[in-house]
Amino acid sequence: MEASVTTKIKCPTCGAVLILGGSNTIDQEALCVRLKGTKYLDYARISSPGLQWCPDLSDAAPMGVSLLPPGYRTEVEAEIARVENSA
Ligand SMILES: [Zn+2]
């Protein structure tokens with residue numbers, strides 16, 4: 001991948017947009033609404049890694065770009081389901 005290329009990735013579920021810049025910097029125009037209410041959006045409550053995107057946005061990322069650390073997907077999906085069910 002060219003270092004100077006900027007890629008925009010839109011979450012198919014909530015419309016949040018991630019911007020992948022050169023040297024794999026990541027900016028986000030909006031946070032994934034699916035994560036609203038989960039501990040993953042709250043940096044104060046977790047030590048790491050501070051996820052700002054839902055698994056759907058991670059799926060939309062190009063090959064080779066890993067947004068969800070391995071093993072996190074199940075955990076994040078479970079947390080989203082838990083929050084949605086308790087709303
Ligand atoms: Zn999303």
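Here are some questions and answers about what you see.

This is a predicted model, with residues numbered from 1 along each chain as its sequence is written. Local features need pLDDT of at least 70 and side-chain atom pairs count only at pLDDT 80 or more, while totals for chains, interfaces and linings use all residues, and side-chain values use heavy atoms, with hydrogens and water left out.

Q: What is the mean pLDDT of the chain?
A: pLDDT is the predictor's confidence in each residue, from 0 to 100. In this chain, 83% of residues reach 70 or more. The mean comes out at 77.

Q: Which atoms coordinate the zinc ion?
A: Donors are N, O and S atoms within 2.8 Å of the metal (3.2 Å for Na, K and Ca), and since water is not among the atoms, sites may look incomplete. Here the donors sit at 2.3 to 2.5 Å and follow the spacing C-x2-C-x17-C-x21-C along the chain. They are C11 (SG), C14 (SG), C32 (SG) and C54 (SG).

Q: Is C54 buried or exposed?
A: Buried means under 20% relative accessible area, exposed over 50%, and partly exposed in between (1.4 Å probe, protein chains only). C54 has a relative accessible area of 0%, so C54 is buried.

Q: Which side chain does the side chain of D59 make a polar contact with?
A: A polar contact is a pair of N or O atoms within 3.5 Å; within protein, one must be able to donate a hydrogen and the other to accept it, and residues adjacent in sequence count only if both atoms are side-chain atoms. At 3.0 Å, the partner of D59 is R73.
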